[in-house]
Amino acid sequence: MTTLTDIFLSASAASLVELLAFDPPGWGANLLRGLLASVGIACGSFGLGLLIGICGAYGKLYGSPMVRDLFGLYTTIVRAVPELVLILLLYFAGTDLVNRLLTLLGYAPVDINGLIAGICVLGVVQGAYSTEVLRGAILAIPQGQIEAARAYGMSPSLQLRRITLPAMAPYAIPGLANLWLIATKDTALLAVVGFNELTQTTRLAAGATKAYFTFFIAAGVLYLALTLVSNVIISRFERHSRRGMPSVVETR
Amino acid sequence: MSTTTTIARTSDWLQPHRIVLIVLAAAIVFACVFFMRWDWLPAYLPLALQGIWRTIWLLAVTAALGITLAIPIGFAQAAGPAFLAVPARVFCTVIRGTPLLLQLWLLYYGLGSLFPQFPWIRESFLWPYLRQAWPYGVLALTLSYAGYEGEVMRGAFAGVPKGQLEAARAFGMRRWTAFRRIWLPQALRRALPTLAGETVLQLKATPLVATITMVDIYSVASRVRQETFVTYEPLLLLALVYMAITGVIVFAFRKIEARIPARLG
């Protein structure tokens with residue numbers, strides 16, 4: 001008969017070390033490689049999302065009615081459909097489209113790198129959310145600052161770089177921080193399309209060794225560490241972007 | 001009078017570019033209906049309806065269980081003693097800091113491989129349920145909702161002005177009465193606007209249970225794709241179904257919010 005201690009982690013610390021060891025019978029190196037892939041995808045998709053978000057926020061605020069409606073449609077649809085469905089749709093449709101385009105142009109179809117596909121797909125999803133965050137942040141900038149920039153004769157791009165982006169940062173950072181944390185966790189969804197990031201690696205490791213608790217908890221600890229480290233860095237960014245502003249004391 | 005306002009409203013809504021967009025959308029829908037393959041639809045319709053029902057059931061059950069769990073978790077963090085507040089905070093951090101997919105697989109594969117090793121569990125009346133996938137799906141989604149909503153409830157409980165609670169004490173209300181009549185209703189009212197967003201997020205989390213073999217609408221669509229080799233049509237229909245459910249959720253919460261007086265003390 002098996003006892004509780006037998007089952008939990010197959011008990012001994014020795015086997016735990018063996019399972020998570022870096023050298024090949026252990027899966028430690030694979031897990032870290034998975035984590036690295038996850039962080040890479042999260043960084044890429046967050047950056048792409050930020051780019052789309054800046055364009056989207058500008059389009060929604062200052063664009064022509066058509067542009068405004070199209071961005072409205074984009075944010076509404078992406079935020080209403082589950083990420084998993086969007087990933088499947090964009091993953092298949094995107095690779096299909098690129099290959100058709102290539103054949104049309106007379107090139108041979110290519111196998112699209114999973115990493116790039118993942119970044120693009122999650123970036124499109126992130127873009128919808130960051131459009132809304134950045135739109136709100138731009139609206140929170142005191143109108144006089146933007147008018148002053150215009151009065152100085154700044155070109156729109158200079159105005160974006162010198163006034164709008166720095167001035168909106170303190171309003172945007174809490175929302176963007178949330179988005180970054182969502183991005184790190186959304187990378188796990190790519191496991192469903194078979195991309196080898198942390199969650200998928202963990203499932204493979206757990207399936208091969210039958211030590212489900214060990215590996216899933218180890219992966220959970222890695223994700224949690226990523227979140228906590230991000231929080232520390234984000235709070236530093238936030239303090240930097242808030243410099244010179246009156247401090248907001250939370251009242252209870 | 002009323003006719004002029006309706007005319008004003010329609011003309012507001014029907015600007016020239018909108019007409020172009022509507023025509024374009026109609027053309028796309030037309031193209032989708034006539035140039036894509038929908039012949040599989042009648043055969044899979046009963047299964048799809050069952051899947052939609054399963055998704056809605058899962059959403060309703062986990063949201064209801066999750067909010068009942070979130071109230072004590074939020075309250076413990078806002079006003080509880082340290083030995084309750086610290087575990088509650090750790091719970092929220094862990095749930096919010098790890099992907100739901102990982103939590104789901106931990107519960108399903110981990111607990112699922114743990115339980116059969118105990119004979120007394122296998123002999124208990126719960127065993128027929130524990131062998132299926134849905135208890136694990138419901139548990140994971142409930143915990144996730146409780147974790148996210150617990151954090152919201154913490155802010156909501158902390159945001160109720162102290163004067164209200166002091167007034168309740170001054171009226172001679174006992175602690176439980178003051179909680180039930182003053183603190184909880186005001187906190188819930190504060191949390192209501194975020195509740196709609198959280199519920200939509202919960203809906204978007206439900207397709208994950210397809211990875212542990214639960215048959216919701218998402219897994220019906222996957223099955224159609226595997227059996228008929230039709231790639232896009234089921235996914236498009238799936239997106240449409242989720243958008244419709246999201247619309248219903250947003251509409252329902254807007255109705256509820258409109259019924260509750262907005263002014264907060």
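Is B:G74 buried or exposed? In this predicted model, B:G74 counts as buried, because 27 C-beta neighbours lie inside 10 Å. The residue sits in helix α3 (residues 41-79) of chain B. Setting aside neighbours within four places in sequence, B:G74 contacts B:G150, B:M153, B:R154, B:A156 and B:F157. B:A85 is 11 residues away from B:G74 in sequence. The C-alpha atoms of B:G74 and B:A85 are 8.7 Å apart.

Confidence was examined for the complex and for each chain. The predictor assigns the complex an ipTM of 0.82 and a pTM of 0.85. Chain B has an average pLDDT of 86, and 94% of its residues score at least 70. For chain A the average is 84, with 88% of the residues at 70 or above. Helix α1 (residues 4-7) of chain A has the lowest mean, 49. Helix α3 (residues 28-62) of chain A has the highest, 91. Where pLDDT is low, predicted coordinates should not be read in detail.

Both chains were then described by secondary structure. Chain A contains 10 helices and 0 strands. Along the sequence, the pattern of chain A is α-α-α-α-α-α-α-α-α-α. Of the 252 residues in chain A, 36% are buried. Among chain A contacts between residues at least 6 apart in sequence, 74% link residues at least 24 apart.

Chain B contains 12 helices and 0 strands. From the N terminus, the elements of chain B run α-α-α-α-α-α-α-α-α-α-α-α. The radius of gyration of chain B is 24 Å, whereas the globule rule gives 18 Å for 265 residues, so chain B is more spread out than a compact globule. Along the principal axes, the C-alpha atoms of chain B fill a box of roughly 75 × 70 × 30 Å. Buried residues account for 32% of the 265 residues of chain B. Among chain B contacts between residues at least 6 apart in sequence, 78% join residues at least 24 apart.

The domain assignment divides chain B into domain 1 (1-35) and domain 2 (42-259). The centres of domain 1 of chain B and domain 2 of chain B, taken over C-alpha atoms, are 37 Å apart.

The contact between the chains draws 31 residues from chain B and 34 residues from chain A. On the side of chain B that touches chain A, the elements giving two or more residues are α2 (16-35), α4 (82-97), α5 (100-114) and α12 (232-259) of chain B. The most comes from α5(B), with 8 residues. By type, this side of chain B has 19 nonpolar, 10 polar and 2 charged residues.

The largest nonpolar core has 113 residues. The members that touch the most other members are A:V85, A:I87, A:F215, A:A219 and B:L101. Not counting residues up to four places away in sequence, A:I87 touches A:V121, A:L189, A:L190 and A:V193.

A:G153 follows α7(A) and has a positive phi, near 80°. In chain B, helix α9 (residues 162-170) is hardly covered, with 0 buried residues among its 9 residues. Just after α9(B), B:G172 takes a positive phi of about 85°.

Positive phi values also occur in chain B at residues other than glycine. B:T213, which is not a glycine, has a positive phi of about 70°. The residue is found in the loop between α10 (175-205) and α11 (217-228) of chain B. B:T213 counts as exposed, because it has 12 C-beta neighbours inside 10 Å. B:F229, a residue other than glycine, has a positive phi near 60°. B:F229 lies in the loop between α11 and α12 of chain B. B:F229 is exposed, because 9 other C-beta atoms lie within 10 Å.

Methods. Residues are numbered from 1 along each chain as its sequence is written. Chains are lettered from A and ligands numbered from 1 in the order in which they are written. This is a predicted model: local features need pLDDT of at least 70, side-chain atom pairs count only at pLDDT 80 or more; totals for chains, interfaces and linings use all residues. A nonpolar core is a set of buried Ala, Val, Leu, Ile, Met, Phe, Trp, Tyr and Cys residues joined through C-beta atoms within 7 Å. A residue is buried if 20 or more other C-beta atoms lie within 10 Å of its own, exposed if 12 or fewer, and partly exposed in between; C-beta atoms are placed from the backbone. Two residues are in contact if their C-beta atoms, placed from the backbone, lie within 7 Å. pLDDT is the predictor's confidence in each residue, from 0 to 100. Helices (H or I, at least four residues) and strands (E, at least two) are DSSP runs, numbered from the N terminus. Ala, Val, Leu, Ile, Met, Phe, Trp, Tyr, Cys and Pro count as nonpolar, Asp, Glu, Lys and Arg as charged, and the others, Gly among them, as polar. Domain bounds come from an automatic or database domain assignment. The radius of gyration is taken over C-alpha atoms; the globule rule is 2.2 Å times the number of residues to the power 0.38.
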